[in-house]
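Me: I am new to this one. Please show me how to read its inside.

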Amino acid sequence: MSDMIKVAVDAMGGDNAPAAIVKGAVDALQERDNLFVYLAGKEEAIRQELSKYSYPQERIQIVPASQVIETGEPPVNAIRGKKDSSLVVALGLVRKGEADAFVSAGSTGAVLVGGQVMVGKLKGVERAPLAPLIPTLKGSSLLIDCGANVDARSSHLVQFARMGSIYMENVMHIKNPRVALVNIGAEEEKGNALAKETYPLLKACEDINFIGNIEAREIPEGKADVIVCEAFVGNVILKLYEGVAGALMKKVKAGMMSTLRSKIGALLVKPALKKTLKDFDVSEYGGAPLLGLKGLVVKSHGSSDANEIKNSILQCIQFKEQKINEKISEHMNTKEERKDHGI
């Protein structure tokens with residue numbers, strides 16, 4: 001099992017647990033032969049779901065956990081008070097080195113706290129950002145940070161840009177990814193104090209392809225590959241993105257079903273429309289990795305279906321195979337050494 005990539009999954013986290021979580025894990029196992037999955041949670045409930053499927057039993061293991069961290073619980077108290085929760089037990093496997101990665105659709109706050117406290121940050125990393133891929137007209141872009149660091153400093157945003165560049169170059173295979181800073185205008189002097197302070201620092205970075213500011217309306221067009229911001233702005237962008245996409249979908253479907261002519265037209269365009277909409281389906285992109293930790297921690301949507309869980313697990317394999325943690329660690333340590341020597 002030494003060549004296996006081992007992923008610990010919080011089987012009780014999310015609105016559709018454990019059914020969607022277990023199915024997603026089984027689907028991921030069917031796609032990759034080098035994957036081993038730990039399912040942490042209530043054993044009987046997990047076994048009941050597993051009994052519905054055929055799967056390679058030697059590559060999946062249930063890790064019993066009697067408690068569940070609910071979405072509304074204070075994260076720090078939950079991590080400390082529920083040691084036998086599925087989330088804490090699964091994270092513990094990463095901390096002990098028994099698993100390479102962790103996936104959960106459970107409480108975002110608990111995942112963020114647990115990831116930073118239990119797994120820990122890599123040397124040289126000041127803050128660990130949450131970084132989801134979002135669909136654009138040109139493919140996908142990395143939004144960093146979208147929820148982990150609301151009160152970030154300019155030095156944090158510079159690190160986010162560097163980590164995001166490493167991720168996009170090695171996982172998404174985008175050479176020299178374009179990095180942009182979210183702002184209310186293209187001009188360098190625009191924005192709040194954080195944006196004004198961060199812009200010249202990013203501009204001075206020789207190891208990233210900084211293209212300047214990006215306005216929110218330019219994000220869906222794919223004007224940048226790495227979109228840098230602090231978590232408050234990032235979370236607003238992400239939630240608006242999802243909300244507008246959902247509303248447009250409903251309007252398109254309603255329009256297509258409004259008359260006999262539109263229904264006939266809908267049948268004709270259905271294959272092409274289905275493919276187009278799939279490109280803009282966030283579940284196809286997996287979850288949001290918490291970059292800069294000693295092990296990979298991935299947060300999926302609370303409403304994740306089996307497809308998103310499957311893709312989140314497969315995302316972990318690519319992350320591990322491309323040695324993203326090692327590359328981030330090497331990069332950050334090199335920067336720290338240069339800083340120590342005044343370079």
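Me: By class, which residues make up the lining of the largest cavity?

Reply: First, the ground rules. This is a predicted model, where local features need pLDDT of at least 70, side-chain atom pairs count only at pLDDT 80 or more, and totals for chains, interfaces and linings use all residues. Residues are numbered from 1 along each chain as its sequence is written, and side-chain values use heavy atoms, without hydrogens and water. The lining has 3 nonpolar, 4 polar and 1 charged residues. Among the lining residues are Asp10, Val68, Ile69 and Ser107.

Me: How are the classes set?

Reply: Ala, Val, Leu, Ile, Met, Phe, Trp, Tyr, Cys and Pro count as nonpolar; Asp, Glu, Lys and Arg as charged; the others, Gly among them, as polar.

Me: How do I read an aromatic pair?

Reply: Use the distance of the centres and the angle of the planes. Rings of Phe, Tyr and Trp (its six-membered ring) pair if their centres lie within 6.5 Å; planes under 30 degrees apart are stacked, over 60 edge-to-face, the rest tilted. The structure holds 3 such pairs. Phe36 and Tyr38 are edge-to-face, 5.0 Å centre to centre, with 70° between the planes. Tyr167 and Phe319 are tilted, at 6.1 Å and 50°.

Me: Are Tyr167 and Phe319 buried or exposed?

Reply: Buried means under 20% relative accessible area, exposed over 50%, partly exposed in between (1.4 Å probe, protein chains only). Tyr167 is buried at 1%. Phe319 is buried too, at 5%.

Conventions:
On a 1 Å grid over the protein atoms alone, a cavity is a set of points where a 1.4 Å probe fits but cannot get out, and a pocket is an open set with protein on both sides within 12 Å along at least five of seven lines; lining residues have an atom within 4 Å of a point.
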